[in-house]
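Thanks for coming. I will go through one structure today, and I will keep to what can be read from the coordinates.

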Amino acid sequence: MTGVFFHDEFKNKDWPIIGDKFANFPKVMEKALTLPNVELFESQPVNEELLYKVHTHRYLQEVKHAWYYRGATLAVGGCVEAGEKIIQGELNNALVFSVGAGHHASPDSAWGGTYLSCIGPTVARLAEISNERRFAILDTDRHHGDGTRAVFEDNPNILHVCFCYYTNSIEHGTKVDINIDDRIGDEEYLVKVQSEFFPRVRDFNPYLIFHNLGHDTAQGDYGDVGLTREFYPRLVKEVKTVAEEICEGRYIIITHGGSRIDMAEYIFPRIVELLASER
Ligand SMILES: [Zn+2]
Ligand SMILES: [Zn+2]
């Protein structure tokens, strides 16, 4: 079963960085949502106690006053619920829509359109309800996932492989950055994921793979590295296959950067169909 987590709050607002790219959702996914093994869930606000496990009191007091806070709490809530439902065996995989939350949110600060951590509270929640501690995070947004890195810096049970813009790829234990050139294109990017992420995640053997999927890397968007719209479904198909091989298909995709509305409307319905397809 594939879960899709969305809330109407995500529409008709000019979200920082990504704008109103979900204006026509979930309607544009209508066909995918009628598949028998796809269920649409309305994202619920995250339990605040989970935010306090990741962010500092001082930071949360500050961010609570921002207009985008409610959207961010719904995005994090969707991610936490997706994780819970996977642990409980109700879902195999999920697509979580996010506004205002994601990989630039550190414990005590944030920037770049993402003001709460999604994966931090989810990992904290899954530790409360299970013995699962070992998770992999694939980040294919254009920008370095500095917030994700800060949240999990001292946690060797989190593999974080981040495709960004370090001239020299760095690797410290389970924390890895892979350089992506400005004009890499679809084929070369997929080869990098195959050669840099897949062997590491197979060795690491996580319980579940989280994927921060930005499409700011698309041609004409603000993080353009020359990718076409066909790249994103192809990437998801490959990661899903690896998840099926190593962790029984447990895979959560969280939407990240990218401001092209046409791109969002093209890729996400296809990604839902792919997640729901039989292996
Ligand atoms: Zn980005
Ligand atoms: Zn990085």
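Before I name any strands, one definition: two strands pair if DSSP finds at least two bridges between them. By that rule, strand β1 and strand β3 (residues 93-96) pair in the parallel sense, over four bridges. Please keep in mind that what you see is a predicted model.

Let me stay with β1 for a moment. Strand β1 covers residues 2-6, and five of its five residues are buried, so the strand is largely enclosed by the rest of the structure. In a regular strand the side chains alternate between the two faces of the sheet. In β1, Thr2, Val4 and Phe6 are on one side, Gly3 and Phe5 are on the other, and all of them are buried, which leaves both faces covered.

β1 also has a neighbour in strand β2 (residues 38-42), where the pairing is parallel and runs over five bridges. If you want one residue to look at, take Phe5. Its bridge partner in β2 is Phe41, and its bridge partner in β3 is Val96.

Now the whole sheet. How many strands does the open sheet have, and in what order? There are nine, and reading across they go β2-β1-β3-β9-β8-β4-β5-β7-β6, with mixed pairing. The edges are β2 and β6 (170-172); each has a single partner strand, so one side of each is left without a neighbour in the sheet. From one strand to the next, the twist averages 15°.

One is α7 (residues 186-204), which touches β4, β5 (158-164), β6, β7 and β8, and whose direction makes about 170° with that of β5. Another is α9 (residues 261-276), in contact with β1, β2, β3, β8 and β9 (251-255); the angle between its direction and that of β3 is about 165°.

Next, the metals. I will take the zinc ion labelled ligand 1 to begin with. Which residues are its protein donors? They are Asp141 (OD), His143 (ND1) and Asp216 (OD), at 1.8 to 2.1 Å from the ion. Along the chain, the spacing of these donor residues is D-x1-H-x72-D. Asp141 sits in the loop between β4 (135-139) and α6 (146-152), and Asp216 in the loop between β8 (208-213) and α8 (231-246), so this pair ties together parts that are 75 residues apart in sequence. Both aspartates are away from the surface by the numbers: Asp141 is buried at a relative accessible area of 2%, and Asp216 is buried at 0%.

The zinc ion labelled ligand 2 is coordinated by His144 (ND1), Cys162 (SG), Cys164 (SG) and Asp177 (OD), at 2.0 to 2.2 Å. What is the geometry of the site? It is tetrahedral, with angles of 98 to 120° among the four donor atoms. In sequence, the donors follow H-x17-C-x1-C-x12-D. Here too a pair links distant parts of the chain: His144 is in the loop between β4 and α6, while Cys164 is in strand β5, 20 residues apart. His144 is buried, with a relative accessible area of 11%, and Cys164 is buried as well, at 0%.

I will finish with two single residues. The first topic is His55, found in the loop between α2 (48-52) and α3 (57-63). Is His55 buried or exposed? The relative accessible area is 3%, so His55 counts as buried. Its side chain reaches two backbone oxygens, that of Ser106 at 2.9 Å and that of Pro107 at 3.3 Å. Leaving out residues up to four places away in sequence, His55 touches Leu60, Ala105, Ser106, Pro107, Leu116 and Ser117.

The other residue is Ile246, in helix α8. Its relative accessible area is 17%. The cut-off for buried is under 20%, so Ile246 is buried. With residues up to four places away in sequence again not counted, Ile246 touches Val201, Arg202, Asn205, Pro206 and Ile209. Tyr207 is 39 residues from Ile246 in sequence, and their C-alpha atoms are 8.4 Å apart in space.

That is the tour. I can take questions now.

Notes. Residues are numbered from 1 along each chain as its sequence is written. Chains are lettered from A and ligands numbered from 1 in the order in which they are written. This is a predicted model: local features need pLDDT of at least 70, side-chain atom pairs count only at pLDDT 80 or more; totals for chains, interfaces and linings use all residues. Side-chain values use heavy atoms; hydrogens and water are left out. Donors are N, O and S atoms within 2.8 Å of the metal (3.2 Å for Na, K and Ca); water is not among the atoms, so sites may look incomplete. Helices (H or I, at least four residues) and strands (E, at least two) are DSSP runs, numbered from the N terminus. Buried means under 20% relative accessible area, exposed over 50%, partly exposed in between (1.4 Å probe, protein chains only). Axes are lines fitted to C-alpha atoms, for helices over the stretch in contact, and angles run from 0 to 180 degrees between N-to-C directions. Contact means heavy atoms within 4.5 Å. Four donors count as tetrahedral if all angles lie between 85 and 135 degrees; four count as square planar and six as octahedral if opposite donors are over 155 degrees apart and all others between 65 and 115; anything else is irregular. A polar contact is a pair of N or O atoms within 3.5 Å; within protein, one must be able to donate a hydrogen and the other to accept it, and residues adjacent in sequence count only if both atoms are side-chain atoms.
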